[in-house]
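Please examine the protein structure below with attention to its packing and its charged contacts.

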Amino acid sequence: MKDLTIFLSKSLLSWLAIQVFLTLVFLWYLRLSQKNLLPDNQLPKTAVILCLRGADPFLPNCLRSLLKQNYPDYDLKLIVDSHEDPAWKIASNTITEQGATNVQISPLRIVRNNCSLKCSSLVQAVRELDDSYKVVALVDADTIVHPNWLRELVSPLADAKVGATTGNRWYVPTGRHWGSLVRYIGNVSTVVQMFLFQIPWGGTLAVKTEVLRQTGLLDKWAQALGEDLMIHNALKKQGLRVKFVPSLLIVNREESDLPSLLDHLKRLMVCSRFYHPRWLALVSEAISSIVFPTIAIVLFLESLLEKQWETAALLFRSYSIYTIGLLLLMLIVEHGIQQVIRLNDQPLTELSAVTIIKMLIGIPLTQWVYGLAIVSSLWISTVTWRGVSYRVKGPWNIRLIEYRPYQWLDQPVDSKVSL
């Protein structure tokens, strides 16, 4: 056991050092990144596409923010699952309230049986655009954007080598549910990974219209479960890259309980296995971040039972350094991102001593929840999202097996809980 203990201790500390280095690279990019915004006369006409099924907790706020963009020529295209969907009424009322004229709301006319509903909606919306639209921007209903969001998203596309731009969501750790805290902790590393691997987030994403045609992304979306993870490889084949824009880190204040989060993570892991260009790297990261710490805890308890005090002390010391190191790393990242959030007049989050203690407890909980999600996703054959079920046999073998329009009764009782 002594050799295994030494190996685990060195592995934990080495992995912590690697995470510190990668995180510092991310924070350095945040600090050095500069906004090079295009003037009005150089900004291309853009279609902002929002696909809706169900009324997300902050949907009215999302719509109001999208209708108040500091951008000269854009149209908001809403594709709602059906007329009876709760989102239809909310969207219609918000449009009327704002007196907006650059918005079009349409129902999903063709529910494709070989891709997700979101992909069906995206294909419909993009194919209805005329040639005047040079950029397509995607946004999710949980994204409340600042006034310069679209200008900051589109401006980097002036670089011929940039095929797509993206931001990312940033959850807050102060919710009432442990699921919200676990989601926050997991997202800290996810944001860094997505930056390093140039993986776009569909909640804030812009693609040149000509790139959509060159890459055949529409045809891929028409038979896929998710739309964003595949974009990296599609652009890479064309010699293009995805550019992460730090000012587009968007605060998300929705809540999530643990069961709902686990279902979400299972879907995410299935999509990652199908479309993530660095899936094996994610598996390796999971082993380092989940398996090694868990084995260390098990061996520590076993050492206590067998009264192997020296071994127990070494494991306890290594695990404590690793876990506290991760906590400090999260706090450093939180501080760095707060600087970005402050510049965009987004609400800041105050971290109390109680929240920080919960974050420390939440680190091993997050490891176990993510580990369970990864293992469970390996043999999943059916994925359910907002009451719609799909049979998934491969990245391009998706079948819609159960569908019905979303109803008001499907909405969560808690108005802040994610759908």
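The following dialogue concerns a predicted model.

Student: Which residues touch the most other members of the largest nonpolar core?

Tutor: This model is predicted, not experimental. Its largest nonpolar core holds 85 residues. The members that touch the most others in this core are Leu50, Trp149 and Trp221.

Student: Which residues does Trp149 touch, not counting residues up to four places away in sequence?

Tutor: Trp149 belongs to the largest nonpolar core and is one of the members with the most contacts there. Not counting residues up to four places away in sequence, Trp149 touches Val48, Leu66, Gln69, Leu138, Val139, Thr204, Leu248 and Ile250.

Student: How many residues does the other core hold?

Tutor: This other core lies apart from the one that contains Trp149. Among its members are Trp15, Val191, Phe244 and Val333. The size of this other core is 34 residues.

Student: Is Leu150 buried or exposed, and what is its relative accessibility?

Tutor: Leu150 is placed in helix H5. Leaving aside neighbours within four places in sequence, its contacts are Thr46, Val48, Gln69, Tyr71, Tyr74 and Ala137. A residue counts as buried under 20% relative accessible area. Leu150 therefore counts as buried, with a relative accessibility of 0%.

Student: How far apart in space are Leu150 and Ile79, C-alpha to C-alpha?

Tutor: In sequence, Leu150 and Ile79 are 71 residues apart. In space, the C-alpha to C-alpha separation of Leu150 and Ile79 is 19 Å.

Student: How many residues apart in sequence are the parts that Arg386 and Asp56 tie together?

Tutor: The structure holds 12 salt bridges. One of them joins Arg386 to Asp56, with the closest N and O atoms 2.9 Å apart. Arg386 lies in the loop between strand E8 (382-385) and strand E9 (388-394), and Asp56 lies in the loop between strand E1 (46-52) and helix H2 (59-66), so the parts tied together are separated in sequence by 330 residues.

Student: What are the relative accessible areas of Arg386 and Asp56?

Tutor: Residues under 20% count as buried. Arg386 is therefore buried at 18%. Asp56 likewise counts as buried, and its value is 7%.

Student: Which helices does the salt bridge of Glu97 and Arg64 tie together?

Tutor: The side chains of Glu97 and Arg64 meet in a salt bridge with an N to O distance of 2.8 Å. Glu97 is partly exposed at 47% relative accessible area, and Arg64 counts as partly exposed at 27%. The two residues are 33 apart in sequence, so the bridge ties together helix H3 and helix H2.

Student: Where does Arg169, the salt-bridge partner of Asp142, lie?

Tutor: Asp142 and Arg169 form a salt bridge whose closest N and O atoms are 2.8 Å apart. Both residues are buried. Asp142 lies in the loop between strand E4 (135-139) and helix H5 (149-154), so the pair ties together parts 27 residues apart in sequence, the place of Arg169 being strand E5 (residues 162-171).

Student: Are helices H1 and H12 roughly parallel or roughly antiparallel?

Tutor: Helix H1 (residues 2-32) packs on helix H12 (residues 309-343) at about 10 degrees, with the axes 9 Å apart. Angles under 35 degrees count as roughly parallel. The relation of H1 to H12 is therefore roughly parallel.

Student: How many nonpolar residues has the contact of H1 with H12?

Tutor: By class, the contact has no charged residues and 8 polar residues. The number of nonpolar residues in the contact of H1 with H12 is 19.

Student: What is the phi of Gln198, and what is that of Arg386?

Tutor: Most residues other than glycine have a negative phi. Gln198, in the loop between helix H6 (178-197) and strand E6 (204-208), has a positive phi of about 55 degrees. Arg386, in the loop between E8 and E9, is also not a glycine, and its positive phi is about 50 degrees.

Student: Which residues does Ser256 touch, not counting residues up to four places away in sequence?

Tutor: Ser256 lies in the loop between strand E7 (241-252) and helix H10 (258-275). At 6% relative accessibility, Ser256 counts as buried. Beyond the residues up to four places away in sequence, Ser256 touches His177, Gly179, Ser180, Arg183 and Leu261.

Note on methods: Residues numbered from 1 in each chain as written. Predicted model: local features only at pLDDT ≥ 70, side-chain atom pairs only at ≥ 80, totals over all residues. Heavy atoms only, no water. Core = buried A, V, L, I, M, F, W, Y, C linked by side-chain atoms within 4.5 Å. Buried < 20%, exposed > 50% of the residue type's maximum accessible area, 1.4 Å probe, protein only. Contact = heavy atoms within 4.5 Å. Salt bridge = Lys/Arg side-chain N within 4 Å of Asp/Glu carboxyl O. Helix = DSSP H or I, 4+ residues; strand = E, 2+ residues; numbered from the N terminus. Axes fitted to C-alpha atoms, helices over the stretch in contact; angles between N-to-C directions. Parallel < 35°, antiparallel > 145°, perpendicular 65-115°, else oblique. Nonpolar A, V, L, I, M, F, W, Y, C, P; charged D, E, K, R; others polar.
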